[in-house]
Amino acid sequence: MTPRTPRTPRTTATPGTPPGTAPGTAPFRFFALQVLRTRRLGPSLVRVTFGGDTMRGDGLTGFAAGGRDQSLSLFLPLPEQSAPVVPVEEGDGWWAAWRALPEDVRAVMRSYTVREQRHDPDELDIDFALHTDGGPACRWAGAAAPGDRVLVLGPAVAENTGVRFRPPADTDSVLIWADETSLPAAAAILEWLPAGTKARVWLDVPYAADRMELPTAADATVHWLARDEDAPSALEAVRAAELPGTAPYAWLAGEAGKVRELRRHLVRERQLDRAHVTFVGYWRRGLSEEQLREEAAKAP
């Protein structure tokens, strides 16, 4: 399992499209944004709404989310900085230049899901999972205020590799498992599903109060597994369920150990075609995202 974003995304050279580059020719590019407002969704989630950075004038022009579980790379300033430090002037060499910066200078980078993109006015929602022992992104989101500046490496074309939810053509039903970190992606997927699609959904959250309305036109049955209610484990719940259809497609995202466990059950015990199972480790217990990326970089 790998982090959600490409290891070295191809970008345009600056936060805007440079002269001589046709808009939309690069799949990802930088966007300078600022916080417009925040809203607490429950004990474990806060929604941060972004607009264009008024000091940079870039805005969200050209941002083209592909929906579903569209991911992006979010760059956050260190506590003493007013804006994140990312060497975007290095063009496609930004990654190596960013890695070469001292840790007490370079921006914090984390992978997040586009919960919703809107136009007129241009706005972007990202939902953050909050934990008492959370890392720098969690702490930033908990204290985010209007005007706070960030940088996003996001899609400039809607068809891009940051979208993982891709049911094969013969899919006749959908199975979804998510924890609180991947709940925003699951919610966006449910909104995207065509009317009448049979879906079985398990959402593993810390608290019963994390339950929320999830708009969808799909024929979806949603099971909330609240850990403060001694709910069954994800594996127990899925193993006991009868799946609809004859060619289900499964999307599993969240803590890597649970994702691996569920995938093993679906492929080995349920005999699902491996091509019908998308599994993404959003995080791994005991490891930071930097450590996950290091592992991914060393993988053959």
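A salt bridge is taken here as a side-chain nitrogen of Lys or Arg within 4 Å of a carboxyl oxygen of Asp or Glu. In the predicted model, Glu191 and Arg115 meet this criterion, with their closest N and O atoms 3.1 Å apart. The pair joins distant parts of the chain: Glu191 belongs to helix α3 (residues 183–192), whereas Arg115 sits in the loop between β4 (108–113) and β5 (116–118), and the two are 76 residues apart. Glu191 is partly exposed because its relative accessibility is 40%, while Arg115, with a relative accessible area of 10%, is buried.

The search of the whole structure returned 14 salt bridges. One of them connects the side chains of Arg118 and Asp125, at an N to O distance of 2.6 Å. Arg118 has a relative accessible area of 22% and is partly exposed. Asp125 is buried, at 3%; this assignment follows because buried means under 20% relative accessible area. Both residues also belong to a network of salt bridges that links Arg37, Glu116, Arg118, Glu123 and Asp125.

A further salt bridge is formed between Arg166 and Glu159, where the closest N and O atoms lie 2.9 Å apart. Neither residue of this pair is buried: Arg166 is partly exposed at 34% relative accessibility, and Glu159 is exposed at 58%.

Charged side chains also occur in a surface patch. Arg260, Arg264, Arg268 and Arg274 together form a positive patch. Among them, Arg264 is located in helix α5 (residues 256–269). Arg264 has a relative accessible area of 37% and is therefore classed as partly exposed.

For the chain as a whole, six helices and 12 strands were assigned. Of the 300 residues in the protein chain, 51% are buried. Among contacts with a separation of 6 or more, 69% are made by residues 24 or more positions apart. The protein chain exposes about 13,600 Å², of which 51% is supplied by carbon and sulfur atoms.

Definitions and conventions: Residues numbered from 1 in each chain as written. Predicted model: local features only at pLDDT ≥ 70, side-chain atom pairs only at ≥ 80, totals over all residues. Heavy atoms only, no water. Patch = residues over 30% accessible without salt bridge, like charges linked within 9 Å, V, L, I, M, F, W, Y side chains within 5 Å. Areas by Shrake-Rupley, 256 points an atom, 1.4 Å probe, with all protein chains shown as cover. Lys, Arg positive; Asp, Glu negative; His and termini not counted. Charge placed at Lys NZ, Arg CZ, Asp CG, Glu CD. Helix = DSSP H or I, 4+ residues; strand = E, 2+ residues; numbered from the N terminus. Buried < 20%, exposed > 50% of the residue type's maximum accessible area, 1.4 Å probe, protein only. Contact = heavy atoms within 4.5 Å.
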